Amino acid sequence: MKCKQAFMYGPFDLRIEEVELPPLKDNQVLIKLKACGICGSDVECFEGKSAEGRYDIAPYTPGHEWAGQVAQIGSAVTSLKPGDKVVGDCVLPCFQCANCKDGKMPSACLNMREVGFRPDSPGGFGEYMILEEAYTHKIPDDWDYELGAWVETFNVGYWGVWGNGCCPDASDDVAIIGGGPIGLTAAMVCKTANAHVIVIDPLEERRKNALNYGADDVVDSTEGDLEQKIKDLTNGRGPSVVIECSGNDIGIASLFDIAGHSARVGVVGHSIGRKVPVEIGKTIWKTLHIAGSGGTSHWFPRTIRFMSQIKDKYDFAALNTHHFKFRDLDKAMDMACNHKDIARKVMLTFDD
């Protein structure tokens with residue numbers, strides 16, 4: 001079976017090509033892609049600013065924020081059937097290596113694959129995808145595919161808040177650095193726990209938008225004394241929880257300044273492939289508890305259940321500011337790369 005897929009050959013070199021799909025293995029699922037979001041990490045790989053995308057090995061198909069419909073199943077597949085609406089994990093552990101058997105995170109897998117970033121893994125920038133049943137998850141029938149394409153993004157924010165011990169409640173002041181898609185999901189999660197939520201972002205449009213997705217207060221990170229402004233919003237204490245979602249060097253460095261004493265800190269935003277100067281000594285004097293949030297695959301079913309409870313409270317559709325057909329991928333990437341001030345989420349859609 002032939003289909004069209006995009007391949008990243010290097011910086012600013014993304015090509016749509018026709019390929020022949022291999023036959024399904026017994027444990028695999030053939031998925032007709034319906035929607036796929038363009039993530040900030042896709043943009044960074046495209047621009048040559050991230051080491052996560054491995055086109056240094058071989059061209060790969062990007063796209064990890066996808067949703068689709070099961071078209072065919074392998075003979076050993078039991079949990080899915082043709083016609084099911086599905087999403088899938090990004091980080092794919094082998095379940096067999098020493099780290100997997102030791103119960104470590106999927107990102108610790110010694111044979112890890114990663115959807116949308118490696119030539120040994122599938123990606124969502126294509127008409128079809130083949131993925132193993134173990135990594136494929138059914139979404140409710142009443143969800144549209146664009147909401148499904150938000151599961152991976154929401155999973156990152158959800159895990160960044162709850163997976164590594166930040167665990168806010170109504171007693172907490174939470175500062176979220178970055179008002180992009182990940183920051184907004186973190187804000188929604190924290191607000192569901194009744195925390196006081198502060199979103200920090202340099203872009204006015206993002207700050208205004210955050211007020212619709214869980215933020216109680218918003219702060220411009222480029223004007224005035226950021227540390228003092230955050231203290232003013234937290235009765236002089238500083239936030240008890242900080243979630244870094246920007247992946248920006250300045251944003252990452254600022255978390256050490258604004259965090260309150262004994263704050264729980266979740267580092268979510270991507271900064272792989274570069275070193276960021278920070279005042280690490282404040283970790284000691286503030287007794288900060290810092291945890292990274294990589295490798296969140298095992299939480300997809302939980303994320304789907306969580307989103308089902310809040311999807312009518314928040315307007316997810318309004319977050320998809322720009323839509324492009326897959327054939328117009330070049331225009332979609334231009335929007336995602338060059339218009340970050342207005343493009344909250346650029347969504348690819350696929351013809352039936």
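Modeller: What follows is a set of questions and answers on a predicted model.

Biologist: Why is C167 called partly exposed?

Modeller: The relative accessible area of C167 is 32%. Buried means under 20% and exposed means over 50%, so C167, at 32%, is partly exposed.

Biologist: Where does C167 lie, and what is its phi?

Modeller: C167 lies in the loop between α4 (151-162) and β10 (173-177). Phi of C167 is near 40°, which is a positive value in a residue other than glycine.

Biologist: Is S262 buried, exposed or partly exposed, and how do you know?

Modeller: S262 has a relative accessibility of 32%. S262 is placed in the loop between α8 (249-258) and β14 (264-267). Its phi is near 65°, again a positive value in a residue other than glycine.

Biologist: What makes β10 and β13 a pair?

Modeller: Two strands pair if there are at least two bridges between them. Four bridges join β10 to β13 (residues 241-244), so the two strands count as a pair. They run parallel.

Biologist: What is the strand order in the open sheet?

Modeller: The open sheet has six strands in the order β12-β11-β10-β13-β14-β15, and the pairing is parallel.

Biologist: Why are β12 and β15 said to stand at the edges?

Modeller: β12 (217-219) and β15 (289-292) each have a single partner strand, so one side of each is left without a neighbour in the sheet. From one strand to the next, the twist averages 20°.

Biologist: How many cavities of 30 Å³ or more does the structure hold?

Modeller: The structure holds one. The largest cavity has a volume of about 70 Å³. A cavity is space where a 1.4 Å probe fits but cannot get out.

Biologist: Which residues line the largest cavity?

Modeller: The lining has 14 residues, and G179, G180, P181, R206 and R344 lie nearest the centre. Both α5 (181-192) and α6 (204-210) supply at least two residues of this lining. The largest share, three residues, comes from α6.

Biologist: What kinds of residue make up the lining of the largest cavity?

Modeller: Six are nonpolar, three polar and five charged. Arg counts as charged, so R206 and R344 are among the charged residues.

Note on methods
Residues are numbered from 1 along each chain as its sequence is written. This is a predicted model: local features need pLDDT of at least 70, side-chain atom pairs count only at pLDDT 80 or more; totals for chains, interfaces and linings use all residues. Side-chain values use heavy atoms; hydrogens and water are left out. On a 1 Å grid over the protein atoms alone, a cavity is a set of points where a 1.4 Å probe fits but cannot get out, and a pocket is an open set with protein on both sides within 12 Å along at least five of seven lines; lining residues have an atom within 4 Å of a point. Grid points are joined across faces, edges and corners, and a volume is the space filled by probe spheres set on the points. Buried means under 20% relative accessible area, exposed over 50%, partly exposed in between (1.4 Å probe, protein chains only). Axes are lines fitted to C-alpha atoms, for helices over the stretch in contact, and angles run from 0 to 180 degrees between N-to-C directions.
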